[in-house]
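My entries follow in the order I made them.

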Amino acid sequence: LNEDLLSKVFQVSPYPFAIANPEDGTYHNVNEAWLSTMGYGREEVIGRTAHELGIWICSRERARFVEQVKSEGSAHAYEAKVRTRDGRELDVLMSGELVRLGGGTRIFLVADDVTELRKAEVERQRHHGALLNAKMELEDTNRQLVQRTEELETTQDALVQQERLATLGELTATVSHELRNPLAAIRSSVHLVVQKTKGLDVGLDRPLERVERNIVQIGRAHV
């Protein structure tokens, strides 16, 4: 009853199950999930070896896997690549355990097909790399924008300063022009007073000299 139950579980499991000889890899039994995944008919598999069918893409990987099972009694989630009947390559996590069956030692094999998962992971990494590149480009663009903004602000400050200096120059020229005529009139008046008081002891000589001197200084400052 137990063997019959185990046989039914073996056959109806959705995971690819196989029972093989640990020495030469001869398949003694495989379930429907294994046949469906690998694309073989039962008669093509039973009694033939994994090497004859070209199941393992790398024979050294199979040798390492079998050695681990034989030395430790089991191996779990061993990453491997297998080839289907139509030549497709599948990524699988192979697990195996030594069992006593039919008077001999066999390897009970379970192959978990993770091909689509690996493809999704590669695609995720590709998108992640693209996002990182886009982020780096955005950061570089932002740095350039900040640099250009600082340069524009510096240029704007310089232009404002130049404009202020130009405005100040224009204002100075206007003031100089506005002062020049009154100064000339005052100087003429002082000169006339000097001429009229010349020789008279009225005490205006020194004050008139100071006025004359100040007029000269003002005139020089606004040339």
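**Entry 1: a pair in one helix**

I began with R124 and E121, which sit 3 residues apart in helix α6 and so are separated by about one helical turn. Helices here are DSSP runs of H or I with at least four residues, strands are E runs of at least two, and both are numbered from the N terminus. R124 and E121 form a salt bridge, with their closest N and O atoms 3.0 Å apart. I counted a salt bridge when a side-chain nitrogen of Lys or Arg is within 4 Å of a carboxyl oxygen of Asp or Glu. R124 is partly exposed at 45% relative accessibility, and E121 is partly exposed at 32%. My cut-offs were under 20% relative accessible area for buried, over 50% for exposed, and partly exposed in between (1.4 Å probe, protein chains only).

The model is predicted: local features need pLDDT of at least 70, side-chain atom pairs count only at pLDDT 80 or more, and totals for chains, interfaces and linings use all residues. Residues are numbered from 1 along each chain as its sequence is written, and side-chain values use heavy atoms, leaving out hydrogens and water.

**Entry 2: other salt bridges**

How many salt bridges does the rule give? I got 9. One of them joins the side chains of R85 and E44, at 2.8 Å from N to O. R85 lies in the loop between β3 (74-83) and β4 (89-101), and E44 lies in helix α3 (residues 42-45), so this pair ties together parts that are 41 residues apart in sequence. E44 is partly exposed, at 23% relative accessible area.

I also looked up R88 and D86. Their salt bridge has its closest N and O atoms 3.3 Å apart. R88 is partly exposed at 42%, while D86 is exposed at 56%.

R106 lies in strand β5 (residues 104-113).

I107 is buried, at 3% relative accessibility. Its C-alpha atom is 8.5 Å from that of V66, 41 residues apart along the chain.

**Entry 3: a buried asparagine**

Is N31 buried or exposed? N31 is buried, at 0% relative accessible area. I placed N31 in the loop between β2 (27-30) and α2 (32-38). A polar atom of its side chain lies 3.0 Å from the backbone nitrogen of F17. For the backbone nitrogen of W34, the distance to a polar atom of the N31 side chain is 2.9 Å.

A77 belongs to strand β3. A77 is partly exposed, with 45% relative accessible area.

D157 is in helix α6 (residues 115-197). D157 is exposed, at 53% relative accessibility.

How values were computed. Polar contact = N/O pair within 3.5 Å; in protein donor to acceptor, adjacent residues only side chain to side chain.
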